[in-house]
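Biologist: I would like to learn how to read a model of this kind. Could we go through it feature by feature?

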Amino acid sequence: MSRRWSRTIYVGNLPGDIREREVEDLFYKYGRIVEIDLKVPPRPPGFAFVEFEDPRDAEDAIHGRDGYNFDGNRLRVELAHGGRANSSSLPNSYGGGGRRGGVSRHTEYRVLVTGLPSSASWQDLK
(Lines give C-alpha, C1' and ligand atoms only; values in the text may rest on other atoms or scores of the structure.)
Protein backbone atom coordinates (compact mmCIF):
# COMPACT_ATOMS: atom_id res chain seq x y z
CA MET A 1 0.00 0.00 0.00
CA SER A 2 1.36 3.39 -0.90
CA ARG A 3 2.05 5.93 1.81
CA ARG A 4 -0.79 8.13 0.52
CA TRP A 5 -3.38 5.44 1.14
CA SER A 6 -2.13 4.69 4.63
CA ARG A 7 -3.09 8.32 5.36
CA THR A 8 -6.59 8.12 3.84
CA ILE A 9 -9.67 6.89 5.64
CA TYR A 10 -13.06 5.83 4.34
CA VAL A 11 -16.06 7.29 6.18
CA GLY A 12 -19.32 5.49 5.41
CA ASN A 13 -22.97 5.76 6.43
CA LEU A 14 -23.08 9.54 6.22
CA PRO A 15 -26.46 11.31 6.09
CA GLY A 16 -27.65 12.40 2.65
CA ASP A 17 -27.61 16.10 3.51
CA ILE A 18 -24.05 16.23 4.89
CA ARG A 19 -21.64 18.94 3.72
CA GLU A 20 -17.85 18.87 3.43
CA ARG A 21 -17.53 21.32 6.32
CA GLU A 22 -19.37 18.88 8.62
CA VAL A 23 -16.97 16.08 7.65
CA GLU A 24 -14.07 18.40 8.39
CA ASP A 25 -15.60 19.24 11.78
CA LEU A 26 -15.79 15.52 12.59
CA PHE A 27 -12.10 14.89 11.91
CA TYR A 28 -10.04 18.11 12.26
CA LYS A 29 -9.16 17.34 15.89
CA TYR A 30 -7.23 14.20 14.86
CA GLY A 31 -4.69 16.04 12.71
CA ARG A 32 -4.09 18.16 9.63
CA ILE A 33 -6.46 17.22 6.82
CA VAL A 34 -5.01 17.37 3.32
CA GLU A 35 -8.17 16.58 1.32
CA ILE A 36 -11.80 15.57 1.76
CA ASP A 37 -13.53 13.78 -1.12
CA LEU A 38 -17.25 13.73 -0.26
CA LYS A 39 -19.65 11.54 -2.24
CA VAL A 40 -23.37 12.07 -1.72
CA PRO A 41 -25.35 9.75 -4.01
CA PRO A 42 -29.00 10.39 -4.93
CA ARG A 43 -30.00 7.86 -2.28
CA PRO A 44 -28.24 7.91 1.12
CA PRO A 45 -26.02 6.88 2.73
CA GLY A 46 -23.19 9.07 1.57
CA PHE A 47 -19.49 8.46 2.08
CA ALA A 48 -16.22 10.33 2.07
CA PHE A 49 -12.50 9.84 1.86
CA VAL A 50 -10.45 11.95 4.24
CA GLU A 51 -6.71 12.23 3.69
CA PHE A 52 -4.53 13.24 6.63
CA GLU A 53 -0.99 14.59 6.51
CA ASP A 54 0.23 11.90 8.93
CA PRO A 55 -0.75 8.19 8.88
CA ARG A 56 -0.90 8.18 12.70
CA ASP A 57 -3.63 10.81 12.55
CA ALA A 58 -5.63 8.58 10.21
CA GLU A 59 -5.33 5.70 12.69
CA ASP A 60 -6.42 7.95 15.57
CA ALA A 61 -9.44 9.11 13.54
CA ILE A 62 -10.44 5.50 12.84
CA HIS A 63 -10.28 4.61 16.52
CA GLY A 64 -12.06 7.79 17.58
CA ARG A 65 -14.91 7.90 15.06
CA ASP A 66 -15.71 4.32 13.99
CA GLY A 67 -19.19 3.60 15.34
CA TYR A 68 -19.74 7.26 16.25
CA ASN A 69 -23.40 8.34 16.16
CA PHE A 70 -23.66 11.30 13.78
CA ASP A 71 -27.13 12.72 13.15
CA GLY A 72 -28.71 9.33 13.88
CA ASN A 73 -26.25 7.45 11.64
CA ARG A 74 -23.63 5.08 13.02
CA LEU A 75 -20.46 5.99 11.12
CA ARG A 76 -18.23 3.36 9.59
CA VAL A 77 -14.63 4.58 9.57
CA GLU A 78 -11.75 2.47 8.29
CA LEU A 79 -8.52 2.71 6.36
CA ALA A 80 -9.27 3.36 2.66
CA HIS A 81 -8.56 0.53 0.26
CA GLY A 82 -7.71 0.94 -3.41
CA GLY A 83 -6.75 4.11 -5.18
CA ARG A 84 -7.70 7.04 -7.33
CA ALA A 85 -8.23 6.88 -11.06
CA ASN A 86 -5.13 9.01 -11.63
CA SER A 87 -2.90 6.66 -9.65
CA SER A 88 -0.63 4.61 -11.88
CA SER A 89 0.00 1.98 -9.20
CA LEU A 90 -3.59 1.26 -8.18
CA PRO A 91 -6.31 0.11 -10.61
CA ASN A 92 -9.73 1.74 -10.86
CA SER A 93 -12.71 -0.61 -10.94
CA TYR A 94 -15.42 2.01 -11.47
CA GLY A 95 -14.27 3.51 -14.77
CA GLY A 96 -15.24 7.01 -15.93
CA GLY A 97 -16.03 9.08 -12.87
CA GLY A 98 -15.15 6.40 -10.31
CA ARG A 99 -12.58 7.35 -7.71
CA ARG A 100 -11.93 4.25 -5.63
CA GLY A 101 -11.63 0.57 -6.30
CA GLY A 102 -9.86 -2.74 -6.43
CA VAL A 103 -9.21 -5.00 -9.39
CA SER A 104 -10.63 -3.75 -12.69
CA ARG A 105 -13.18 -6.04 -14.32
CA HIS A 106 -13.59 -3.96 -17.47
CA THR A 107 -13.31 -5.75 -20.81
CA GLU A 108 -13.81 -4.72 -24.42
CA TYR A 109 -17.37 -6.13 -24.30
CA ARG A 110 -20.33 -3.84 -23.61
CA VAL A 111 -24.07 -4.30 -23.27
CA LEU A 112 -26.47 -1.62 -24.51
CA VAL A 113 -29.89 -1.61 -22.84
CA THR A 114 -32.58 0.62 -24.33
CA GLY A 115 -36.22 1.42 -23.61
CA LEU A 116 -35.80 1.91 -19.86
CA PRO A 117 -37.64 4.66 -18.00
CA SER A 118 -35.51 7.59 -16.86
CA SER A 119 -36.14 6.57 -13.25
CA ALA A 120 -34.26 3.27 -13.73
CA SER A 121 -30.90 2.92 -11.99
CA TRP A 122 -27.99 0.57 -12.47
CA GLN A 123 -29.16 -1.26 -9.33
CA ASP A 124 -32.47 -2.04 -11.10
CA LEU A 125 -30.52 -3.69 -13.90
CA LYS A 126 -28.30 -5.58 -11.53
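Predicted model: local features only at pLDDT ≥ 70, side-chain atom pairs only at ≥ 80, totals over all residues.

Biologist: Where does K29 lie?

Modeller: K29 is in the loop between α2 and β2 (33-39). Its C-alpha atom is 9.8 Å from that of D60, although 31 residues separate the two along the chain.

Biologist: How many helices and strands does the chain have?

Modeller: Both are DSSP runs numbered from the N terminus: helices are H or I over at least four residues, strands are E over at least two. Here there are four helices and six strands. Read from the N terminus, their order is α-β-α-β-β-α-β-β-β-α. Of the 126 residues in the chain, 35% are buried.

Biologist: What share of the contacts comes from residues 24 or more positions apart?

Modeller: A contact means heavy atoms within 4.5 Å. Among contacts in the chain with a separation of 6 or more, 55% join residues 24 or more positions apart. T8 in strand β1 is a case to look at. Beyond its neighbours within four places in sequence, T8 is in contact with F49, V50, E51, L79 and A80. T8 is buried, at 2% relative accessible area.

Biologist: How do I read a salt bridge?

Modeller: Side chains of opposite charge can pair when their charged atoms come close. The rule asks for a side-chain nitrogen of Lys or Arg within 4 Å of a carboxyl oxygen of Asp or Glu. By this rule the chain has seven salt bridges. One of them joins R7 and E51, with the closest N and O atoms 2.9 Å apart. This pair links distant parts of the chain: R7 is in the loop between α1 (3-6) and β1 (8-14), and E51, 44 residues away, is in strand β3 (residues 46-52).

Biologist: Are R7 and E51 buried or exposed?

Modeller: R7 counts as buried because its relative accessibility is 17%. E51 is buried too, at 4%.

Biologist: Which residue pairs with R21?

Modeller: R21 forms a salt bridge with D25, where the closest N and O atoms are 3.5 Å apart. The two are about one helical turn apart, because four residues separate them in helix α2 (residues 20-27). R21 is exposed at 53% relative accessibility, while D25 is partly exposed at 37%. Salt bridges with shared partners join R21, E24 and D25 into one network.

Biologist: What about a charged residue without a partner, such as R65?

Modeller: R65, in helix α3 (residues 55-65), is buried and has no salt bridge. Lys and Arg count as positive, Asp and Glu as negative, and His and the chain ends are not counted. By that count, the nearest side chain of opposite charge to R65 is D25, 9.4 Å away. The side chain of R65 does reach the backbone oxygen of L26, at 3.0 Å. Leaving aside neighbours within four places in sequence, the contacts of R65 are L26, F27, K29, Y30, L75 and V77.

Terms used: Residues numbered from 1 in each chain as written. Heavy atoms only, no water. Buried < 20%, exposed > 50% of the residue type's maximum accessible area, 1.4 Å probe, protein only. Polar contact = N/O pair within 3.5 Å; in protein donor to acceptor, adjacent residues only side chain to side chain.
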